[in-house]
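Here are a few notes to read alongside the model.

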Amino acid sequence: MVDRLYLVSCVAKKQHRIAPAKILYRSPWFCLARARVEREAAPWYILSAKFGLLCPDAEIAPYDETLNKMRVAQRREWATRVKAQMDETLPDVDEVVVFAGYQYREFLDEYLRRRFDSVAVPMEGLRIGQQLSWLKHGQD
């Protein structure tokens, strides 16, 4: 059994062509998060406002959707869809590490805490500059 997996939120800055999800998202934050999780050699998935749970190698087209602009009911619907995708996709692990803001976690948190022994949100409460520093310097 794998010990840990990572969930990384999507970002607004994207390439302008179809690409694997892990390459489509282009912000400095996402690139640092991707490098961090890939160094861990653990499974990881992207939380996409449009597609829900994405395998990093999934080929997708650019889009302009964000949970930050969705109403509460829409975010609940998104989370319900993501939980169903997680039930089908995620391997059994002891710990899930979430690199995502509050609106990506708000309706997933209870589910994750029921499903996994440990849920870590290591950058919770950090401003974006602090998150970039945390990701860059590999703090635990």
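**Notes on the core, the strands and a helix pair**

1. Start in the middle: the largest nonpolar core has 48 residues, and L7, Y25, W29, L47, M86, F99 and L112 touch the most other members. A nonpolar core here is a set of buried Ala, Val, Leu, Ile, Met, Phe, Trp, Tyr and Cys residues joined through side-chain atoms within 4.5 Å. Buried means under 20% relative accessible area, exposed over 50%, and partly exposed in between, with a 1.4 Å probe and protein chains only.

2. Before going on, please keep in mind that this is a predicted model, in which local features need pLDDT of at least 70 and side-chain atom pairs count only at pLDDT 80 or more, while totals for chains, interfaces and linings use all residues. Residues are numbered from 1 along each chain as its sequence is written, and side-chain values use heavy atoms, with hydrogens and water left out.

3. What does L112 touch? Not counting residues up to four places away in sequence, L112 touches L7, M86, V96, V98 and V119; contact means heavy atoms within 4.5 Å.

4. Strand 6 (residues 95-99) is mostly covered, with five of its five residues buried. E95, V97 and F99 point one way from the strand, and V96 and V98 the other way. Helices (H or I, at least four residues) and strands (E, at least two) are DSSP runs, numbered from the N terminus.

5. Strand 6 has parallel partners to look at. Strand 1 runs parallel to strand 6 and is joined to it by five bridges, while strand 7 (residues 118-120) pairs with strand 6 in the parallel sense over three bridges. Two strands pair if DSSP finds at least two bridges between them. E95 stands opposite S118 in strand 7.

6. Is Y6 buried or exposed? Y6 counts as buried because its relative accessibility is 4%. Y6 lies in strand 1 (residues 4-9), and its bridge partner in strand 6 is V97. Leaving aside neighbours within four places in sequence, Y6 is in contact with V37, E40, A42, P43, W44, Y45, V97 and F99. Y6 and Y45 are 39 residues apart along the chain, and their C-alpha atoms are separated by 6.3 Å.

7. Lastly, the axes of helix 2 (residues 28-40) and helix 6 (residues 128-137) come within 9 Å and cross at roughly 30°. The contact is made by P28, W29, L32, A33, R36 and R39 of helix 2 and I128, Q131, L132, W134, L135 and K136 of helix 6. Axes are lines fitted to C-alpha atoms, for helices over the stretch in contact, and angles run from 0 to 180 degrees between N-to-C directions.
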